[in-house]
Amino acid sequence: MRVIASKSRRASCVFASSFYELRFALPALVCFVLGGPSLQAAPKPKPPSLSISTASLPNGVVGNTYSATLSATGGTTPYQWALTSGTLPSGLSFSAVGVISGTPTSSVTALSLTFKVTDSGHPSQNKSKTLSLTVAPAPLAVTTTSLPGGQVGTAYNANLSASGGTTPY
């Protein structure tokens, strides 16, 4: 008889001869007593390969709250994330759990950022991926709410104010 034990203290007892093979799931101690001193620990299955599943980052807008969570599959959780190349625009930060958040204060176009994820397995696995981030300027808006009155036949001059967009106007 072969006995394969697991961490759950359950075992797969295999009674075999040249004519038959019987398998039973019993408590490990019962299998050990029935079959003698042959007790083996079942090998721990290898976790699937680690990969970054985030395909792209959402676009942001200057002055608007931004949040994006990177995701990974495989390996052994929990994961540890790092930004290994590139710098986030001012107002944004990156956490070790894979979250980019904040309120961007400057615009960028197709900024290249490389992220690395490491799992908690022994030995650990890690993967890197380069993603691109675009933060658009805030929409252009005229902020002047009223204009002084004018007179027909007289030159008119008034200052207008605006916000957003890309300066200078």
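Biologist: Let's start with two facing residues: which residue in S13 stands opposite valine 61?

Modeller: A strand is a DSSP run of E with at least two residues, a helix is a run of H or I with at least four, and both are numbered from the N terminus. Strand S13 covers residues 126-136. Opposite valine 61, S13 places alanine 136.

Biologist: Before we go on, what kind of model is this?

Modeller: Residues are numbered from 1 along each chain as its sequence is written, and side-chain values use heavy atoms, with hydrogens and water left out. Local features need pLDDT of at least 70, side-chain atom pairs count only at pLDDT 80 or more, and totals for chains, interfaces and linings use all residues: the model is predicted.

Biologist: Do S6 and S13 run parallel or antiparallel?

Modeller: Strands of a sheet pair through backbone hydrogen bonds, in one sense or the other. Two strands count as paired if DSSP finds at least two bridges between them. S6 and S13 are joined by two bridges, and they run parallel.

Biologist: How many bridges join S12 and S13?

Modeller: Look at serine 112, which stands opposite serine 132 in S13. Threonine 114 also has a bridge partner in S13, threonine 130. S12 (residues 108-118) pairs with S13 in the antiparallel sense, and the number of bridges is nine.

Biologist: Which strands stand at the edges of the sheet?

Modeller: The sheet is open, with mixed pairing, and its four strands come in the order S6-S13-S12-S9. Each edge strand has a single partner, so one side of it is left without a neighbour in the sheet; the edge strands are S6 (60-61) and S9 (80-85).

Biologist: What distance separates the C-alpha atoms of valine 62 and proline 137?

Modeller: Valine 62 lies in the loop between S6 and strand S7 (66-69). Beyond its neighbours within four places in sequence, valine 62 has contacts (heavy atoms within 4.5 Å) that include Val135, Ala136 and Pro137. Although valine 62 and proline 137 are 75 residues apart along the chain, their C-alpha atoms are separated by 5.2 Å.

Biologist: Which residue forms an aromatic pair with phenylalanine 94?

Modeller: Rings of Phe, Tyr and Trp (its six-membered ring) pair if their centres lie within 6.5 Å; planes under 30 degrees apart are stacked, over 60 edge-to-face, and the rest tilted. The search of the whole structure finds one such pair. It is tilted, at 5.0 Å centre to centre and 50 degrees between the planes, and the partner of phenylalanine 94 is phenylalanine 115.

Biologist: Is phenylalanine 115 buried or exposed?

Modeller: With a 1.4 Å probe and protein chains only, buried means under 20% relative accessible area, exposed means over 50%, and partly exposed lies in between. Phenylalanine 115 has a value of 1%, so it counts as buried.

Biologist: What relative accessible area does serine 56 have?

Modeller: Serine 56 sits in the loop between strand S5 (51-52) and S6. It counts as exposed, because its relative accessible area is 54%.

Biologist: To finish, what percentage of the chain's residues are buried?

Modeller: The chain holds one helix and 15 strands. Among contacts with a separation of 6 or more, 51% join residues 24 or more positions apart. Of the 169 residues in the chain, the buried share is 22%.
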